[in-house]
Amino acid sequence: MNPTPALKFALVTGASRETGLGREIARQLAQEGFRVILTARQLPAAETHAHALRAEGLDVVADALDVTDDASIAALRGRIEVAHGRLDVLINNAGGFYDADAQALTTDLWLAHQALELNLFGAWRMIQAFVPLLEKSPHPRIVNVGSAAGSFGDTTLGLAAHVQNVPIYSISKTALHALTVKLARELAPRRILLNVICPGFVASHPGLEKFGARPVPDGARCIVWGALLPDDGPTGGFYRDGKPLPW
Ligand SMILES: NC(=O)c1ccc[n+]([C@@H]2O[C@H](COP(=O)([O-])OP(=O)(O)OC[C@H]3O[C@@H](n4cnc5c(N)ncnc54)[C@H](OP(=O)(O)O)[C@@H]3O)[C@@H](O)[C@H]2O)c1
C-alpha cells in the first residue's frame, strides 16, 4: 500500500510491563503525534497496555513480537507494510539478563549466549528487517537502548567499575553499542539516524526508587529524544538526556 503521509508510525519493542520503559516510551511517542505499534512477546500484554494508552486518548495499537525469532519479526514487518506502508521510528528497547553479582570467570556461558541473542542480535535482526520500511519515511530514526554498564569510559557504572559487576549484561550492551557505531555509518547515506541511548538508572521495577533510580518517564524521555532528532541531528552516538556519554 502507499504510505499514509499524514500519520507517523513508531514501533517499540519490549513493552510488556506496566512499569517498564517500553510502555512509557510508547506513551510519550504517541503524545508526540505518532501512531505507536506497542509490542510484547505475549500479545495479551501488549493489548492491555495499548488499551490503557488508548483510554488516555493516544493512538496506540498492539502487536506480538519476539525479537529473538526471525519468523515473528518477518510476520510483524509484513503486517506493518500492509497496514501502514512504512515505519518512521524504531525503538529497540527489549533487553534483559541483568546478572547482578555474577562473575565472568564462573558464569554460565549458555546465559551469555541467550543475552547476546536478545540484547545484541535482537536489535540487529530488527534493524536488518525494518530498514526497507524505514527508508520509506521522510525522517527515519532508530534508537537502541544501551547502558552505561556497557561503557569502557564510565568510571562509576562502566565495565571496570560497576558495583554489581553484571558481566553478561554489560558485555552484551557493549556489543550493542559497537553495533550502533557500525550500522549508523552504513545507514547515514540512507538518511536514517541511529543512536544508542542509556536511560540512566530507572525505577522500572518496584522498589528501585529507594536506591536512587530515576522516574520511568525521565528515562523514557531521553530515549524519545533520539526519535525526535532533526534531519541534521547526530547519528552513531551514545547519549543520555541529550548529552554524549563516554564509550
Ligand atoms: N531500568 C534501568 O535502570 C535500565 C538502565 C539502562 C538500560 N536499561 C534498558 O532498558 C530496556 C528496558 O528495560 P526496563 O528496565 O524497562 O525492564 P523491562 O520492563 O524488564 O524491559 C525488558 C522488556 O524486554 C522484553 N523482552 C525480553 N525478551 C524479549 C524478546 N525475546 N522479544 C521481545 N521482548 C523481549 C521483556 O518482556 P517479557 O515480559 O516478555 O520478558 C520486557 O518487556 C532494556 O533494554 C534495559 O536493558 C534499563
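A residue is taken here as buried if 20 or more other C-beta atoms lie within 10 Å of its own. By this criterion, in the predicted model, Ala115, Asn119, Leu120, Gly122, Ala123, Met126, Ile127, Phe130, Leu133 and Leu134 of helix H4 are buried. The elements that cover these buried residues of H4 include helix H3 (70-83), strand S4 (89-92), strand S5 (141-145) and helix H5 (167-187). Helix H4 itself comprises 26 residues, 109-134, and its first and last C-alpha atoms are 35 Å apart, close to the 38 Å expected at 1.5 Å a residue.

Along the principal axes, the C-alpha atoms occupy a box of roughly 55 × 40 × 35 Å. Buried residues make up 44% of the 247 in the chain, and of the contacts between residues at least 6 apart in sequence, 71% join residues that are at least 24 apart.

Helix H1 (residues 21-31) is largely enclosed by the rest of the structure, because 10 of its 11 residues are buried. The buried residues are Leu21, Gly22, Arg23, Glu24, Ile25, Ala26, Arg27, Gln28, Leu29 and Ala30, and they pack against strand S1 (8-12), strand S2 (34-40), helix H2 (43-54), strand S3 (60-64), S4 and helix H6 (216-227). Just after H1, Gly33 adopts a positive phi of about 100°.

The ligand is surrounded by 26 residues, of which Gly14, Gly20, Ala94, Gly95 and Ser204 are the closest. By residue class, the shell around the ligand consists of 12 nonpolar, 11 polar and 3 charged residues.

A further position considered was Ala188, which is located in the loop between H5 and strand S6 (193-197). Ala188 is partly exposed, because 13 other C-beta atoms lie within 10 Å, a count that falls between the limit of 12 or fewer for exposed residues and that of 20 or more for buried ones. Although Ala188 and Thr235 are 47 residues apart in sequence, their C-alpha atoms are separated by 7.6 Å in space.

Conventions
Residues are numbered from 1 along each chain as its sequence is written. This is a predicted model: local features need pLDDT of at least 70, side-chain atom pairs count only at pLDDT 80 or more; totals for chains, interfaces and linings use all residues. Two residues are in contact if their C-beta atoms, placed from the backbone, lie within 7 Å. A residue is near a molecule or strand if its C-beta atom, placed from the backbone, lies within 6 Å of it. Ala, Val, Leu, Ile, Met, Phe, Trp, Tyr, Cys and Pro count as nonpolar, Asp, Glu, Lys and Arg as charged, and the others, Gly among them, as polar. Helices (H or I, at least four residues) and strands (E, at least two) are DSSP runs, numbered from the N terminus. The expected span of a helix is 1.5 Å times one less than its number of residues.
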